Amino acid sequence: EPEVTQTPSHQVTQMGQEVILRCVPISNHLYFYWYRQILGQKVEFLVSFYNNEISEKSEIFDDQFSVERPDGSNFTLKIRSTKLEDSAMYFCASGITSKRLNEQFFGPGTRLTVL
Amino acid sequence: DQQVKQNSPSLSVQEGRISILNCDYTNSMFDYFLWYKKYPAEGPTFLISISSIKDKNEDGRFTVFLNKSAKHLSLHIVPSQPGDSAVYFCAASAQNTGNQFYFGTGTSLTVIP
């Protein structure tokens, strides 16, 4: 069964460093998302991406964040200058349609620890 | 800003009994609701959904009930099985939020054999 994969599973970085989190969505999906979950808190929407551009983003997704689909398979989230409060689980998701009845398939997450 | 709330962080149920997980929301514009299940070290997995035109949706052992006037939804699992032990998140979205889902904080369900 196709699945969304994410690498690395755990990333440790120093505050102020740039990190790139990688995701490989399901191959025939067209809509891509990033979510994060700070430990003990709710899952929060960050951004959605379609047709090589951001379609929606939340207030969390400020200028420090960017997303890219550099080739036909990868979908990346870059944090330019990490802060302590960026420590969280980051989930990538993909969906085949923008219809709101779609199911978003989630990856296993990358745990980001900022020291 | 917690538009979706799951007030019970944990729930324990005997195998074979009914598990009832609750979720409340504050945004009356929400018109689509989902439940996700999450095992440790895995991402959330879609379980069941309901749109606001319905008040019940059933899929096998899982039934979701929606009470729009109370802004409340619940997930019933019957009979509960040990493999159902996981964290359950409810999520909601509205027409004007597009594909953005708002998640609750999750309820950890333990089904005791």
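I began with Cys92(A), which counts as buried at 0% relative accessibility (buried means under 20% relative accessible area, exposed over 50%, partly exposed in between, with a 1.4 Å probe and protein chains only). Before going on, I noted that this is a predicted model, where local features need pLDDT of at least 70, side-chain atom pairs count only at pLDDT 80 or more, and totals for chains, interfaces and linings use all residues. Residues are numbered from 1 along each chain as its sequence is written, chains are lettered from A and ligands numbered from 1 in the order in which they are written, and side-chain values use heavy atoms, leaving out hydrogens and water.

**Entry on disulfides**

I looked up how many disulfides there are over all chains, and the structure holds two (a disulfide being a pair of cysteine sulfur atoms within 2.5 Å).

Cys23(A) lies in strand β3 (residues 19-24) and Cys92(A) in strand β9 (residues 88-95) of chain A, so the pair ties together parts 69 residues apart in sequence.

I then turned to chain B, where Cys23(B) and Cys90(B) form a disulfide with sulfur atoms 1.8 Å apart. Its S-S torsion is about 60°, so this disulfide is right-handed. Here strand β3 (residues 19-25) of chain B holds Cys23(B) and strand β9 (residues 86-94) holds Cys90(B), so the pair ties together parts 67 residues apart in sequence. Both Cys23(B) and Cys90(B) are buried.

**Entry on a sheet in chain A**

Next I traced an open sheet of four strands, in the order β1-β3-β8-β7 (chain A), with antiparallel pairing; two strands pair if DSSP finds at least two bridges between them. Its edge strands are β1 (5-7) and β7 (65-68) of chain A, each pairing on one side only. I noted that β7(A) is joined by four bridges to the antiparallel strand β8 (residues 75-79) of chain A. Opposite Phe65(A) I found Ile79(A) in β8(A).

**Entry on Asn7(B)**

Is Asn7(B) buried or exposed? I found it exposed, with a relative accessible area of 59%. Asn7(B) sits in the loop between β1 (4-5) and β2 (10-14) of chain B. I also checked Thr105(B), 98 residues apart from Asn7(B) along the chain, and their C-alpha atoms are separated by 8.3 Å.

Methods
Helices (H or I, at least four residues) and strands (E, at least two) are DSSP runs, numbered from the N terminus.
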